[in-house]
Amino acid sequence: GLVQLAVAETAQMLFQSKNNINQQMTFEQCIDEAHDALLSGKALDKFREMVVAQGGDVSVVDDVDSYPLTAQYSTTIHAKQNAYVANMNALIFGQSSVQLGAGRQVVNSPVDAVAGIWCHVKVGDKVVPGDPVATLFTNLSTEALDLASEQVQGAIEYSSLEQASRPQIISHRVSSSVGIEDFVMPDRLKGN
């Protein structure tokens, strides 16, 4: 999941930058370098540097529980049936997050760091009535919360049939030599 995506995207950036300065690392070597940086803590150290450079509170990086993660308004959407989660429309989730204050509708709009949506399930998960599916957070208003909640409920599809395994997050990549090519997740990243 997330580790696969982060490592693959970082490897792609490394690959493109390394080729620009003629170091000629293969994409696979870039994946290894990115994954090693994550496992060794080098990536976290660099993240800390970036937080400090932008004037952020680096103590939160080391103790995320110290960040005040409470919104004035929240609601949890619960499953209403025995079913499998068949689809979660990411576009609607994203638009709803913006309506909650977690994103910008115009360039200079403020972003609320505690607003957003926490997904308790993913596509393919089995749910029973009462299971939490998603929790929404906002500091804007109960009206914004209610509207976003309705949209998110409508963005989740259920099925009585067990769902096939989730598709791979990344299916293709772009290279300067081949153009668009199939992406095969390295074995060392499978299951992350």
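**Salt bridges and aromatic contacts**

D125 is partly exposed, with a relative accessibility of 21%. This value comes from a predicted model. The cut-off for burial is under 20% relative accessible area, so D125 at 21% falls in the partly exposed class. The side chain of D125 forms a salt bridge with K122. The closest N and O atoms of D125 and K122 are 3.5 Å apart. K122 is also partly exposed, at a relative accessible area of 39%.

The D125–K122 contact is one of 5 salt bridges in the structure. Side chains of opposite charge can pair when their charged atoms come close. Another of these bridges joins R48 to D45, with an N to O distance of 2.9 Å. R48 and D45 both belong to helix α3, which spans residues 42–53. The two residues are 3 positions apart, about one turn of the helix. R48 has a relative accessible area of 22% and is partly exposed. D45 reaches 41% and is likewise partly exposed.

The partners fall in separate accessibility classes. R173 is buried, with 8% relative accessibility. E181 is partly exposed, with a relative accessible area of 22%. The burial limit of under 20% lies between these values, so R173 at 8% counts as buried and E181 at 22% counts as partly exposed.

R173 also takes part in a contact with an aromatic ring. Its charged end sits over the ring of F27, 3.7 Å from the ring centre.

A search of the whole structure gave 2 aromatic pairs. F15 and F27 form an edge-to-face pair, because their ring planes meet at 90°. Their ring centres are 6.0 Å apart. This pair links distant parts of the chain, with F15 in helix α1 and F27 in helix α2 (residues 27–40). The two residues are 12 positions apart. F15 and F27 are both buried.

F27 also pairs edge-to-face with F183. The centres of the F27 and F183 rings are 6.0 Å apart, and the planes stand at 75°. Here, too, distant parts of the chain are linked: F27 lies in helix α2, while F183 lies in the segment after β8 (179–182). The separation is 156 residues. F183 is buried, as is F27. Together, the ring pairs join F15, F27 and F183 into a cluster.

L5 belongs to helix α1, which runs over residues 2–20. L5 is partly exposed, at 31% relative accessibility. Patch members need over 30% relative accessible area, so L5 passes this cut-off at 31%.

Conventions
Residues are numbered from 1 along each chain as its sequence is written. This is a predicted model: local features need pLDDT of at least 70, side-chain atom pairs count only at pLDDT 80 or more; totals for chains, interfaces and linings use all residues. Side-chain values use heavy atoms; hydrogens and water are left out. Helices (H or I, at least four residues) and strands (E, at least two) are DSSP runs, numbered from the N terminus. Buried means under 20% relative accessible area, exposed over 50%, partly exposed in between (1.4 Å probe, protein chains only). A salt bridge is a side-chain nitrogen of Lys or Arg within 4 Å of a carboxyl oxygen of Asp or Glu. Rings of Phe, Tyr and Trp (its six-membered ring) pair if their centres lie within 6.5 Å; planes under 30 degrees apart count as stacked, over 60 as edge-to-face and the rest as tilted. A charge sits over a ring if NZ of Lys or CZ of Arg is within 6 Å of the ring centre and within 35 degrees of the ring normal.
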